[in-house]
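Here is a short tour of one protein chain, written for someone who likes to check the geometry. Have the viewer open and follow along.

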Amino acid sequence: MKMLPTFVAAVLAASALGGCAKAAGGPSATGDSAAACDNAGFLAAQHAHVNHAEVTFCGTVVRLRPAKHTRSGWHRYVYVDVGHHDVIEIDANLDEMGNFPVTDGEQAVARGEYYYDEDGREGVHWTHRTDRGPHPPGYLTLNGTMYR
């Protein structure tokens, strides 16, 4: 709970500055094809290390790692620059989303759950639809094509 005031302050500061929300391809709460990229909200959650925060952000793919089998299935690791050289890892579950093409330089919109581990590792996962647990559906849009 100590981080909650920091998170709230960061969100309010981002809102006061106008944030950096913009329209991009992906589902919105209203079901249309445009979703607001909330990079300011994502950066506030990241700065405050708010584990399990639902986030939506936009950026440019800057790095890829090969697919790897983990205890929860096959995952691809896509690194997205959300601005100011702040790069976040997206853990995309290929068993849920399918094997999708991705290259450096593509424009990405991601919706998922931000995590911050005790060892300092951070990223975004649950970028897919699921019927397990309390997770809202996530997605990854690359150059206008949605994967979920």
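## A cluster of charges

A salt bridge here is a side-chain nitrogen of Lys or Arg within 4 Å of a carboxyl oxygen of Asp or Glu. With that in hand, look at Arg 65, Glu 89, Asp 91 and Arg 121 in this predicted model: salt bridges link these four residues in a network. The structure holds three salt bridges, and they can be taken one by one.

Start with Glu 89 and Arg 65, whose side chains meet at 3.3 Å, N to O. This pair links distant parts of the chain, with Glu 89 in strand β5 and Arg 65 in strand β3, 24 residues apart. Is Glu 89 buried or exposed? Glu 89 is buried, because its relative accessible area is 7%, under the 20% cut-off. Arg 65 has a relative accessible area of 28% and is therefore partly exposed.

## Arg 121 and its two partners

Glu 89 also meets Arg 121 in a salt bridge, at 2.8 Å from N to O. Here too distant parts of the chain are linked: Arg 121 sits in the loop between β6 and β7 (122-125), Glu 89 in strand β5, and 32 residues separate them. Arg 121 is partly exposed, with a relative accessible area of 35%.

The side chain of Arg 121 meets that of Asp 91 as well, at 3.9 Å, N to O. Because Asp 91 lies in strand β5 and Arg 121 in the loop between β6 and β7, this pair ties together parts that are 30 residues apart in sequence. At a relative accessible area of 8%, Asp 91 counts as buried.

## The overall fold

Zooming out, the chain has three helices and nine strands. What pattern do they follow along the sequence? Read in order, the pattern is α-β-β-α-β-β-β-α-β-β-β-β.

The chain has 148 residues, and buried residues make up 41% of them. Among contacts with a separation of 6 or more, 52% are between residues 24 or more positions apart.

## The nonpolar core

How many residues does the largest nonpolar core have? This core has 23 residues, and those with the most contacts inside it are Phe 42, Val 55, Phe 57, Val 80, Phe 100, Leu 140 and Leu 142. Two or more residues each come from α2 (39-47), β3, β4, β5, α3 (94-97), β6 (107-116) and β8. Strand β3 gives the largest share, four residues.

Leaving aside neighbours within four places in sequence, Leu 142 is in contact with Val 61, Phe 100, Pro 101, Val 102, Glu 106, Gln 107, Ala 108 and Tyr 147.

## One disulfide

A search of the whole structure finds one disulfide. Cys 37 and Cys 58 form it, with their sulfur atoms 1.5 Å apart. The two cysteines join distant parts of the chain: Cys 37 belongs to strand β2 (residues 34-37) and Cys 58 to strand β3 (residues 53-70), 21 residues apart.

Cys 37 counts as buried because its relative accessibility is 0%. Cys 58 is also buried, with a relative accessible area of 7%.

Most residues other than glycine have a negative phi. Which phi value does His 84 have? Phi of His 84 is near 55°, a positive value in a residue other than glycine. His 84 is found in the loop between β4 (73-81) and β5 (87-93), and it counts as exposed because its relative accessibility is 80%.

Asn 143 also has a positive phi, near 45°, and is likewise a residue other than glycine. Asn 143 lies in the loop between β8 (139-142) and β9 (145-147).

How values were computed. Residues are numbered from 1 along each chain as its sequence is written. This is a predicted model: local features need pLDDT of at least 70, side-chain atom pairs count only at pLDDT 80 or more; totals for chains, interfaces and linings use all residues. Side-chain values use heavy atoms; hydrogens and water are left out. A disulfide is a pair of cysteine sulfur atoms within 2.5 Å. Buried means under 20% relative accessible area, exposed over 50%, partly exposed in between (1.4 Å probe, protein chains only). A nonpolar core is a set of buried Ala, Val, Leu, Ile, Met, Phe, Trp, Tyr and Cys residues joined through side-chain atoms within 4.5 Å. Contact means heavy atoms within 4.5 Å.
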